[in-house]
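Load the model in your viewer and keep the selection tool at hand. The stops below follow one another.

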Amino acid sequence: MKKRTVFVCQNCGFHSPKWLGRCSQCGEWNTMMEELEDEALVELPEGSSEPVLYQQIKETTSQRIPVGIEQLNNVLGGGLVLGSVVLIGGEPGIGKSTLLLQVSRDLASGNEPVLYVSGEESLEQIKIRGDRLGLKSEKVYLLAETSLERIVNAADRMKPRVLVIDSVQTMFSAHLTSSPGTISQVREVTNQVFRFAKKNQVPVFLIGHITKDGTLAGPKSLEHMVDVVLLFEGERDHNHRVLRVLKNRFGPVSELAIFEMSQAGLRAIDNPSAFFLRERPQNEPGSVVVSTIKGSRPLLVEIQALVSSTLFMGNPRRMSIGLDHYRVSMLLALVEKKVGYSFAGEDIYLNVAGGLTIDEPAADLGVVLAVISSVKNLPLPREVAVFGEVGLSGEIRSVSQPLARVREAKSLGFETVLMPEGNLQQLETENLKGIKCIGVSSVRKALAEVF
Ligand code: TYD
Ligand code: MG
């Protein structure tokens, strides 16, 4: 076999015969790495393929096995599909290995073992984690191995119920000469794992590390090779974790699950709204509860604002955590112009409590009310939740899923919801039983309602 070297972009997989400082395909800097190019072995496939008429295709419902954690089942679209490859990405230390060891524990049963392969930790290290998670007599087999061929071999013999590979970046295939973690290896590994999964109808969890900017490291190009891509996120200083779906060939991509990291591993949170509101201060100015949509489910979160005079000469500070900075600037400008406050000489800090991020305009009204509440030093009535997009003329615009938002507020004991007038007209009267919904059409009207 003839070998020559090529430079391969570790971000997008672009091949170049010479080194480049900047990849000419994806524009990333310093991503070209020298790899040995393997000449593809071209074999003519035997036999021929027959196209099938659309009407003759039989419907098959893919078989699913439920994983122990209900919230994870939902995220997967109703369980783990046999033969599917699920990629779980997340930063180091976020809890990927913990989550999958828990899943392995729950799935291993009598004569159906689970095979957990780790290329990162020794068996002893995994055992320490397993002890914390209460793993005892379950049939979880561990394998500390990085050679993919040996792993596939072991899995072929064992026929596990589920195979876990921790992590794709540590595995290497003997078919390629490049080192583990390079894009060619990561792709080859995924490819072989995919073939194994389909051939044996064994579901595989593939763990992948992600880089600081949030893309699945290098293997951005892996996303199209697997069936499901999940992202495990969280803040280091908070103990909750969010599991999101980026892609799902067998279900919706809007699902999301929230976990809490505890001494005994990850615990799914049944009622995230109550969880995020549990430490809400009583009668404090600057605090507003917003009914927002995370994934496809409603979630109540607290937005906090602090407006205080700038101490030193110079530009006042504008800080927002968990909210879009540009959107906040726009809303502040709007409050100055339409409501008549001047923020020159005022520092403004905004924060979403609990380290969450809100990225939908439906939180606008909450931001505006939190800022004004802090300026006036007047708390909002405690039993009010709000939602609504604010337009540049100060008008309150309708948002999606008003009913889900109102219901969530009601289920958490809120008595009043301040919402866009347009949304209120969409709701049926029977939906409004047990909770008072106030429709407002402008920021001014909203202010008149709460202060
Ligand atoms: P880990 O699953 O090793 O993360 P990843 O595989 O994504 O790199 O989790 C690492 C962190 O989780 C570590 O800092 C310790 C913490 N942890 C707990 O708080 N409780 C537990 O029961 C376990 C097993 C881990
Ligand atoms: Mg790990």
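Start at Asn377, in the loop between H8 and strand S19 (384–386). Helices (H or I, at least four residues) and strands (E, at least two) are DSSP runs, numbered from the N terminus. The phi of Asn377 is near 55°, positive although the residue is not glycine. Most residues other than glycine have a negative phi, and most peptide bonds are trans.

A word on conventions before moving on. Residues count from 1 along each chain as its sequence is written, while chains are lettered from A and ligands numbered from 1 in the order in which they are written. This is a predicted model, where local features need pLDDT of at least 70, side-chain atom pairs count only at pLDDT 80 or more, and totals for chains, interfaces and linings use all residues; side-chain values use heavy atoms, with hydrogens and water left out.

**Colour by domain**

Colour 2–39 as domain 1, 64–270 as domain 2 and 275–450 as domain 3. These bounds come from an automatic or database domain assignment. Between domain 1 and domain 3, the C-alpha centres lie 48 Å apart.

**The seven-stranded sheet**

Select the strands in the order S17-S18-S16-S15-S19-S22-S23. They form an open sheet of seven strands with mixed pairing. Two strands pair if DSSP finds at least two bridges between them. Strand S17 (318–321) and strand S23 (436–440) are the edges; each has a single partner strand, so one side of each lacks a neighbour in the sheet. From one strand to the next, the twist averages 25°. For this and the angles that follow, axes are lines fitted to C-alpha atoms, for helices over the stretch in contact, and angles run from 0 to 180 degrees between N-to-C directions.

Zoom in on strand S15 (residues 287–294) and strand S16 (residues 297–309). They pair in the antiparallel sense over eight bridges. Pick Thr292: its bridge partner in S16 is Leu299.

Now show H8. The helix lies across S15, S16, strand S18 (346–352), S19 and strand S22 (416–420), and runs at about 35° to S16.

**H8 and its two helix partners**

Which residues make the contact between H8 and H11? First select helix H8 (residues 364–376) and helix H11 (residues 443–450), which pack at about 55° with axes 11 Å apart. H8 and H11 are therefore oblique to each other. (Angles under 35 degrees count as roughly parallel, over 145 as roughly antiparallel, 65 to 115 as roughly perpendicular and the rest as oblique.) H8 contributes Leu365, Val368, Leu369 and Ile372 to the contact, and H11 contributes Val443, Ala446, Leu447 and Val450. Contact means heavy atoms within 4.5 Å. The residues divide into eight nonpolar, no polar and no charged. Here Ala, Val, Leu, Ile, Met, Phe, Trp, Tyr, Cys and Pro count as nonpolar, Asp, Glu, Lys and Arg as charged, and the others, Gly among them, as polar.

Next select helix H7 (residues 325–339). H7 and H8 pack at about 60°, with axes 10 Å apart. That makes H7 oblique to H8. Display Arg327, Leu331, Leu332, Val335 and Val339 of H7 against Asp364, Val367, Val368, Val371 and Ile372 of H8. This contact has eight nonpolar, no polar and two charged residues.

**The nine-stranded sheet**

Switch to the strands S8-S7-S9-S10-S6-S11-S12-S13-S14, again an open sheet of mixed pairing. Strand S8 (140–144) and strand S14 (265–268) are its edge strands, each pairing on one side only. Neighbouring strands are turned by 25° against each other on average, direction ignored.

Strand S11 (residues 228–234) pairs with strand S12 (residues 240–248) in the antiparallel sense over seven bridges. Find Leu231, which stands opposite Arg244 in S12.

**H2 meets H3**

Select H2 and helix H3 (residues 123–132). Their axes come within 10 Å and cross at roughly 70°. H2 and H3 are therefore roughly perpendicular to each other. Ser97, Thr98 and Leu101 of H2 meet Ile126, Arg129 and Gly130 of H3. Two of these residues are nonpolar, three polar and one charged.

**Last stop**

End at Ser167, in the loop between S9 and helix H5 (183–200). A cis peptide bond joins Asp166 and Ser167, with omega about 0°.
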